[in-house]
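Please look at the fold of this protein chain.

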Amino acid sequence: MELNKYNKPSPIPLAKDLMALSLLLKEKANAIMESGRAEITPNEYRELSEVTLAQLVLFNKRRAEEAQRLEVKQFIEGVEHGKTVHEEVLESLSPLERKLVDVIDRVEIRGKRGRRVAILLPQILKKQLDVLVKCRSSANIDKSNKYLFARPGKTPIRSTDALRKYAALCGSKQPHTLTSTGFRKHVATMSQMLNLKDNKLDVLATFLGHDIRVHREYYRLPENTIHVAKVSKLLLEL
């Protein structure tokens, strides 16, 4: 089985494709959010749910199944209690970091193997989620459905379906790479290219839901690029 993986590419999303997906999702969300109506139709609710879920996965690089299981109660309680910041911690932050603390909310959810993982909510996503909470009844969402990204019945919308849908619509060159795993590979690869120090890498790895060892072992730079660009240069110099 291991031999089957030899000479197979391990692509990560292109920056242009990520931008194309992000712009399409923003456009779709704005079309609904800027309608000016107090309520939205069930079809609009469904689309806003799919778009916001895809945006959440894209921004946070969360595993698909983690983000889709965000519950209404977790969202409300997380936003309500997430602004508690110790003064000493705040004083250690840069001016930019302090500003980000003011404008980005944070909620905690259950991650892989029961780990507690965080989801960050920029203001625009927070507003979209507020609409989803407010308009549940007009969208005919079952009261027994505890999930924020709800669909008829008692289950949540699937992140993989939402991402696949909009990846195919955004005009990307490699839509098959626009998955939650692809996003995680991309951020991990970029973090290595930037040569982040261990303390920053540890913070990033913890946010992604694993430790530095896993981060480096499973999300390392593509070996074909390293071998051709770095090793060949070294060999030519010998």
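Helices H2 and H8 are roughly perpendicular to each other, a label for angles of 65 to 115 degrees; under 35 degrees counts as roughly parallel, over 145 as roughly antiparallel, and the rest as oblique. The model is predicted: local features need pLDDT of at least 70, side-chain atom pairs count only at pLDDT 80 or more, and totals for chains, interfaces and linings use all residues. Residues are numbered from 1 along each chain as its sequence is written, and side-chain values use heavy atoms, with hydrogens and water left out.

Two packed helices are described by the angle between their axes and the distance between the axes. Here axes are lines fitted to C-alpha atoms, for helices over the stretch in contact, and angles run from 0 to 180 degrees between N-to-C directions. Helices (H or I, at least four residues) and strands (E, at least two) are DSSP runs, numbered from the N terminus.

| Helix pair | Axes come within | Crossing angle |
|---|---|---|
| H2 (residues 42-60) and H8 (residues 159-169) | 9 Å | roughly 95 degrees |
| H1 (residues 15-33) and H8 | 9 Å | roughly 105 degrees |

Take H2 and H8. Contact means heavy atoms within 4.5 Å. From H2 come Glu47, Glu50, Val51, Leu53, Ala54 and Val57; from H8 come Ser159, Ala162, Leu163, Lys165 and Tyr166. By class, this contact of H2 with H8 has seven nonpolar, one polar and three charged residues. Ala, Val, Leu, Ile, Met, Phe, Trp, Tyr, Cys and Pro count as nonpolar, Asp, Glu, Lys and Arg as charged, and the others, Gly among them, as polar.

Now turn to H1. H1 and H8 are also roughly perpendicular to each other. Leu21, Leu24, Leu25 and Lys28 of H1 touch Tyr166, Ala167 and Leu169 of H8. That contact of H1 with H8 has six nonpolar, no polar and one charged residues.

Next, step back to the whole chain. The protein chain has twelve helices and two strands. Along the sequence, the pattern reads α-α-α-α-α-α-β-β-α-α-α-α-α-α. Among contacts between residues at least 6 apart in sequence, 66% join residues at least 24 apart. Of the 238 residues, 37% count as buried. Buried means under 20% relative accessible area, exposed over 50%, and partly exposed in between (1.4 Å probe, protein chains only). The chain exposes about 14,900 Å², and carbon and sulfur atoms supply 55% of this area. Accessible areas come from the Shrake-Rupley method with a 1.4 Å probe; for residues, only the protein chains shown count as cover.

Gln55 lies in helix H2. Is Gln55 buried or exposed? Gln55 is buried, at a relative accessible area of 13%. Leaving aside neighbours within four places in sequence, Gln55 is in contact with Leu25, Lys26, Ala29, Leu125 and Gln128.

Two loop residues have positive phi. Lys61 has a phi of about 55 degrees although it is not a glycine. Lys61 sits in the loop between H2 and helix H3 (64-68). Lys61 counts as buried, with 17% relative accessibility. Asn140, also not a glycine, has a positive phi near 60 degrees. Asn140 is in the loop between helix H7 (123-134) and H8. Asn140 is exposed, at a relative accessible area of 61%.

Cys135 is buried at 2% relative accessibility. Cys170 is buried too, at a relative accessible area of 14%. How many disulfides are there? The count is zero, where a disulfide is a pair of cysteine sulfur atoms within 2.5 Å.
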